[in-house]
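Let's take a friendly walk through this protein together. Keep the sequence and the model side by side as you read.

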Amino acid sequence: DHLGKMLAQTVRDAGIDTRALHMDANVHTTLAFVHTMEGGEREFSFCRNPGADMMLTEDEVEADLIRRSRLFHFGSLSMTHETVRSATKKALDVAKEAGIHISFDPNLRLPLWNDLSLAKEQIDYGMHFCDVLKIADNELTWFTGLDDPIAAAKKIQRQYKIPLVLATLGRDGSYAITANDNVYCPGFMVNTIETTG
């Protein structure tokens, strides 16, 4: 679709390699609408039933390109539906076997999951693979059941033996957590216009 072509050209113009980008002839580009609330909080709604991002198959995974990379990054949005989930898991296997650093952002978007127990299962799967986890305070609480996001992040770091957990706390700043150290970066107030992207 036109949006997909425009986005592909935009990232190419920014110097991003699009060799592994696949277009779907029949399915439109997913749209995400961000609704900003007072105080900067957000809600998301999606046009994705299906969306082109769900259509990636195992056969389309560019294994050689992954093997030549220094970092493989993924999120749970590519694990919401079976076809793209299988493709993501294949890519993870290739990256892990090649010894590439893997980063994971659960990026939980509740409306995209038909079953939240499946979401938890797939996020658990991703945490077993990653060297770097970037996770937000609300995701920490949802995943662990702990109200204290720092305690939750430390629990995840220990349980999954993730070398680096980056916990974002919105206006309260962020933590970098390793097995031996915790580094806090305080938040600061600005005139927030839009917090997404």
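Is Lys 161 buried or exposed? Lys 161 is exposed, because its relative accessible area is 66%, over the 50% cut-off. Before going further, please keep in mind that this is a predicted model.

You will find Lys 161 in the loop between α6 (149-160) and β6 (164-168). The phi angle of Lys 161 is near 55°, a positive value in a residue other than glycine. Most residues other than glycine have a negative phi.

## The nonpolar core

The largest nonpolar core has 33 residues, and those with the most contacts inside it are Ile 66, Phe 72, Met 127, Leu 133, Ile 156 and Ile 162. Helix α3 (residues 82-97) gives the most to this core, contributing five residues.

## The largest pocket

Next, look at the largest pocket, with a volume of about 1,700 Å³. It is lined by 47 residues, and the closest to its centre are Ala 20, Leu 21, His 22, Asp 53 and Leu 56.

Which kinds of residue make up the lining of the largest pocket? The lining residues divide into 26 nonpolar, 12 polar and nine charged. At least two lining residues come from each of α1, β1, α2 (63-67), β3 (71-75) and α3.

Thr 18 sits in the loop between α1 (2-13) and β1 (31-36). With a relative accessible area of 16%, Thr 18 is buried, because the cut-off is under 20%. Beyond its neighbours within four places in sequence, Thr 18 is in contact with Ala 8, Val 11 and Arg 12. The side chains of Thr 18 and Arg 12 are joined by a polar contact of 3.2 Å. Thr 18 and Ala 8 are 10 residues apart in sequence, and their C-alpha atoms are 7.3 Å apart in space.

Arg 85 lies in helix α3 and counts as buried, at 8% relative accessibility. Not counting residues up to four places away in sequence, Arg 85 touches Ser 78, Met 79, Thr 80, Leu 118 and Gln 122.

## Loops worth a look

Leu 77 belongs to the loop between β3 and α3 and is partly exposed, with a relative accessible area of 25%. Apart from residues up to four places away in sequence, Leu 77 touches Arg 48, Asn 107, Arg 109 and Leu 112. One of these, Asn 107, lies in the loop between β4 (101-105) and α4 (116-127). Asn 107 is partly exposed, at 22% relative accessible area, and has a positive phi, near 45°.

Where is Pro 50? Pro 50 is in the loop between β2 (42-47) and α2. The peptide bond from Asn 49 to Pro 50 is cis, with omega near 0°. Most peptide bonds are trans.

Our last stop is Asn 180, in the loop between β7 (174-177) and β8 (182-185). Asn 180 counts as exposed, at 76% relative accessibility.

Notes:
Residues are numbered from 1 along each chain as its sequence is written. This is a predicted model: local features need pLDDT of at least 70, side-chain atom pairs count only at pLDDT 80 or more; totals for chains, interfaces and linings use all residues. Side-chain values use heavy atoms; hydrogens and water are left out. A nonpolar core is a set of buried Ala, Val, Leu, Ile, Met, Phe, Trp, Tyr and Cys residues joined through side-chain atoms within 4.5 Å. Buried means under 20% relative accessible area, exposed over 50%, partly exposed in between (1.4 Å probe, protein chains only). Helices (H or I, at least four residues) and strands (E, at least two) are DSSP runs, numbered from the N terminus. Contact means heavy atoms within 4.5 Å. A polar contact is a pair of N or O atoms within 3.5 Å; within protein, one must be able to donate a hydrogen and the other to accept it, and residues adjacent in sequence count only if both atoms are side-chain atoms. On a 1 Å grid over the protein atoms alone, a cavity is a set of points where a 1.4 Å probe fits but cannot get out, and a pocket is an open set with protein on both sides within 12 Å along at least five of seven lines; lining residues have an atom within 4 Å of a point. Grid points are joined across faces, edges and corners, and a volume is the space filled by probe spheres set on the points. Ala, Val, Leu, Ile, Met, Phe, Trp, Tyr, Cys and Pro count as nonpolar, Asp, Glu, Lys and Arg as charged, and the others, Gly among them, as polar.
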